[in-house]
Amino acid sequence: AVLRKQPVNPIIPMKPLYWTRIIVPATAQQVSTSSSMKPVILMGKVRRGEIEDIKEFSDLFSRQVIERKPTKKKEEKPSKVQPMKILDSKRSQSVGILASCLHCEFTEIENGIFLVTVENANIARIHNFCVVYRPTDEELSMIREHVSTKPNVPLDKPEQFLMELADIPSFADRIACFVFQSEFDDNVSSIESKLNNLKSTCQFLTTSESLKKVMAIILTLGNYMNGGNMTRGQADGFGLEILPKLRDVKSKDNSITLLHFIVRAYMRKCDDPLSSGSALPVPEPGDIDRAATVHFEDVSGDLNKLQKEITVCESKTEKVLAASTDDNIQPFKDKMETFLGTAKKRLSGELENLEECKQKFKDTMQFYHYQPKGGTSEEMCGN
């Protein structure tokens with residue numbers, strides 16, 4: 001097929017769109033039907049629309065580029081020459097699979113690494129490759145020796161891919177910084193969500209008027225049921241361990257449980273308990289479940305781990321900057337310095353959040369006169 005559309009040159013380089021191109025022949029083939037002749041391919045009738053605000057579109061979807069030093073065009077190798085295989089078959093297959101999974105030209109990977117714009121999926125793949133299949137010095141030496149001694153014999157694709165990656169300045173350190181940057185926000189946000197949920201749950205447990213009404217009903221009914229008993233009656237409060245047992249106390253005819261009765265009693269006290277705006281008088285079950293999985297020691301360990309990883313990232317960033325030239329130091333320098341500054345502030349904020357959460361939890365236990373079994377308040381949460 002012949003390309004019929006005129007080439008379009010964007011005013012600035014744009015982000016690529018990875019699609020499968022369809023080319024419509026200039027003269028569509030015809031097939032015969034019982035009623036008429038219809039073209040096999042109808043896409044030829046589709047006309048390209050005009051972009052109303054080309055500048056806005058270009059600004060939104062453009063990609064950064066940096067001036068690269070001109071390189072010599074690689075000479076086409078004769079098709080009869082078999083490419084040189086240096087790696088063993090297993091490693092060659094692994095490297096080849098990685099290269100094919102990236103779905104982009106190597107120049108895009110190289111520019112993405114310099115511009116800190118490599119897609120997250122590709123960052124993860126390349127980083128995993130560096131950890132598991134990083135080429136040894138011996139392999140790289142053999143590859144470079146072949147290139148220098150037999151320039152007319154091309155390298156096989158896996159070997160070529162390894163050499164091109166190794167030629168990117170501070171490649172492994174740059175990728176490690178990208179990976180940490182891409183994962184840091186999710187890790188901190190997860191910790192923040194856990195702590196905020198626990199704090200809001202504790203706040204509800206200590207301030208909710210509706211919950212106080214439920215507890216008052218339980219206290220009243222319990223005192224009534226324990227009337228006359230010198231050890232259980234006339235209570236001013238009760239241990240929280242009774243709460244999950246309320247549903248086990250059944251009526252005489254087994255038609256209802258004490259929990260059902262408490263719910264009915266609460267609903268009778270409400271003006272309109274079935275209205276859509278009425279909230280539950282207890283915390284959301286999902287919030288309780290999530291709060292029960294929080295352990296302060298684990299959270300503290302996660303934050304300390306992030307602190308160490310920030311220090312490592314700082315060290316790698318300094319190594320990259322020290323080895324960089326004016327051509328490839330930006331925008332890596334500005335982006336990583338901005339990220340590290342923000343990361344330190346967020347981590348400091350979550351350390352303060354953790355201490356505040358611990359205090360909220362201790363206050364809640366004191367509010368309910370709860371004594372943890374088998375540990376202190378600092379070690380327990382949600383138990």
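1. The structure holds six aromatic pairs. Rings of Phe, Tyr and Trp (its six-membered ring) pair if their centres lie within 6.5 Å; planes under 30 degrees apart are stacked, over 60 edge-to-face, the rest tilted. The ring centres of F180 and F184 are 5.6 Å apart and their planes meet at 55 degrees, so this pair is tilted.

2. On provenance: this is a predicted model, where local features need pLDDT of at least 70 and side-chain atom pairs count only at pLDDT 80 or more, while totals for chains, interfaces and linings use all residues. Residues are numbered from 1 along each chain as its sequence is written, and side-chain values use heavy atoms, leaving out hydrogens and water.

3. F180 and F184 sit four residues apart in helix 7 (residues 171-207), which means about one helical turn separates them. Helices here are DSSP runs (H or I, at least four residues), numbered from the N terminus. Both F180 and F184 are buried. Buried means under 20% relative accessible area, exposed over 50%, partly exposed in between (1.4 Å probe, protein chains only). Ring pairs also link F180, F184 and F339 into a cluster.

4. F296 and F361 make an edge-to-face pair, with 5.8 Å centre to centre and 75 degrees between the planes. This pair links distant parts of the chain: F296 is in helix 11 (residues 296-323) and F361 in helix 12 (residues 332-367), 65 residues apart. F296 is buried at 1% relative accessible area. F361 is buried too, at 9%.

5. R174 lies over the face of F332, 4.9 Å from the ring centre. The criterion: NZ of Lys or CZ of Arg within 6 Å of the ring centre and within 35 degrees of the ring normal.

6. On the surface, Y224, M225 and V249 form a nonpolar patch with about 350 Å² of accessible area together. Patch residues have over 30% relative accessible area and no salt bridge; nonpolar side chains are joined within 5 Å. A salt bridge puts a side-chain nitrogen of Lys or Arg within 4 Å of a carboxyl oxygen of Asp or Glu. Areas come from the Shrake-Rupley method with a 1.4 Å probe. V249 is in the loop between helix 8 (209-225) and helix 9 (258-269). V249 is partly exposed, at 33% relative accessibility.

7. The whole structure has zero disulfides (cysteine sulfur atoms within 2.5 Å). For C202, the nearest cysteine sulfur is that of C357, 6.3 Å away. That is too far for a bond. C202 is buried at 4% relative accessible area. C357 is buried at 1%.

Definitions and conventions. Helix = DSSP H or I, 4+ residues; strand = E, 2+ residues; numbered from the N terminus. Patch = residues over 30% accessible without salt bridge, like charges linked within 9 Å, V, L, I, M, F, W, Y side chains within 5 Å.
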